[in-house]
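Here are my notes on the model you sent over.

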Amino acid sequence: MKRQRGFTLIEVLVALLVFSLIATAAAEVGSQYIASYERIRDKTLAGWIADNRINELRLEEALPGIAENSDETDYGPFRWLVTTAVLGTEEPTMRRVEVTVARIREDGSEPVPVHTLSAFIGAN
């Protein structure tokens, strides 16, 4: 009488369970990596946009007036809402500037604020 060799049904089920747990953990790590990459990409692009806006104001010959405005711009593969608030200070020859950059969603819902940068601009 020959003895049959191979895996029993229970051994196969245990192996499948172990494999499915490893695959689930790997998928979760991959998902977290993608979300982290997207968050860092958006923060970097938004930071560059805010820096550019403040430098544009610094290069103007006149001190900017106290106001708040919003503009849409394309930068990288996305559309952004850039809100610039120029605030007065105790010193009349100085302004506080706050630039908030939000990514405009493709589905038309509210833009998602990504980065805010504050700076002071003085008269030349």
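1. A word on terms before anything else: a pocket here is an open set of grid points where a 1.4 Å probe fits, with protein on both sides within 12 Å along at least five of seven lines, and its lining residues have an atom within 4 Å of a point. Keep in mind too that this is a predicted model.

2. With that in hand, look at the largest pocket, which has a volume of about 170 Å³. Which element gives the largest share of its lining? That is β1, with six residues. The elements that give two or more residues to the lining are α1, β1 and β2. If you want to colour the lining, pick Ile49, Asn52, Arg53, Glu56, Asn69, Asp71, Glu72, Thr73, Asp74, Tyr75, Val82 and Thr84. By type, the lining divides into three nonpolar, four polar and five charged residues.

3. Next, the helix α1, which runs over 9–59. Does its length agree or disagree with what its residue count predicts? It agrees: 51 residues at 1.5 Å each should span 75 Å, and the end C-alpha atoms are 75 Å apart. The buried residues of α1 are Asp42, Leu45, Ala46, Gly47, Ile49, Ala50, Arg53, Ile54 and Leu57. They pack against β1 (67–75), β2, β3 and β4. As background, an α-helix has 3.6 residues a turn, so residues three or four places apart point the same way.

4. Now the largest nonpolar core, which has 16 residues. Those with the most contacts inside this core are Ala46, Ile49, Ile54, Trp80, Val97, Val99 and Val101. At least two core residues come from each of α1, β2 (78–88), β3 (94–103) and β4 (112–122). The helix α1 gives the most, with six residues. In soluble globular proteins, nonpolar side chains tend to be buried together.

5. Val101 sits in strand β3 and counts as buried because its relative accessibility is 0%. Beyond its sequence neighbours up to four places away, Val101 touches Ala46, Ile49, Ala50, Trp80, Leu81, Val112, Pro113, Val114 and His115. As for Val97, leaving aside residues within four places in sequence, its contacts are Ile54, Leu57, Thr84, Ala85, Val86, Leu117, Ser118, Ala119 and Ile121.

6. Then there is Asp42, a residue of helix α1. Is Asp42 buried or exposed? It counts as buried, because its relative accessibility is 11% and the cut-off for buried is under 20%. Setting aside neighbours within four places in sequence, Asp42 is in contact with Phe78, Trp80, Arg103 and Val114.

7. Val114, in strand β4, lies 72 residues from Asp42 in sequence but 6.9 Å away, C-alpha to C-alpha. At 18% relative accessibility Val114 counts as buried, and apart from residues within four places in sequence it contacts Asp42, Lys43, Ala46, Trp80, Val101, Ala102 and Arg103. Arg103 is in strand β3 and counts as partly exposed, because its relative accessibility is 22%. Not counting residues up to four places away in sequence, Arg103 touches Arg41, Asp42, Phe78, Arg79, Trp80, Pro111, Val112 and Val114. Its C-alpha atom and that of His115, 12 residues apart along the chain, are separated by 9.4 Å.

8. Where is Pro92? In the loop between β2 and β3. The C-alpha atoms of Pro92 and Ala35 are separated by 44 Å, and the two residues are 57 apart along the chain.

Technical notes
Residues are numbered from 1 along each chain as its sequence is written. This is a predicted model: local features need pLDDT of at least 70, side-chain atom pairs count only at pLDDT 80 or more; totals for chains, interfaces and linings use all residues. Side-chain values use heavy atoms; hydrogens and water are left out. A nonpolar core is a set of buried Ala, Val, Leu, Ile, Met, Phe, Trp, Tyr and Cys residues joined through side-chain atoms within 4.5 Å. Buried means under 20% relative accessible area, exposed over 50%, partly exposed in between (1.4 Å probe, protein chains only). Helices (H or I, at least four residues) and strands (E, at least two) are DSSP runs, numbered from the N terminus. Contact means heavy atoms within 4.5 Å. The expected span of a helix is 1.5 Å times one less than its number of residues. On a 1 Å grid over the protein atoms alone, a cavity is a set of points where a 1.4 Å probe fits but cannot get out, and a pocket is an open set with protein on both sides within 12 Å along at least five of seven lines; lining residues have an atom within 4 Å of a point. Grid points are joined across faces, edges and corners, and a volume is the space filled by probe spheres set on the points. Ala, Val, Leu, Ile, Met, Phe, Trp, Tyr, Cys and Pro count as nonpolar, Asp, Glu, Lys and Arg as charged, and the others, Gly among them, as polar.
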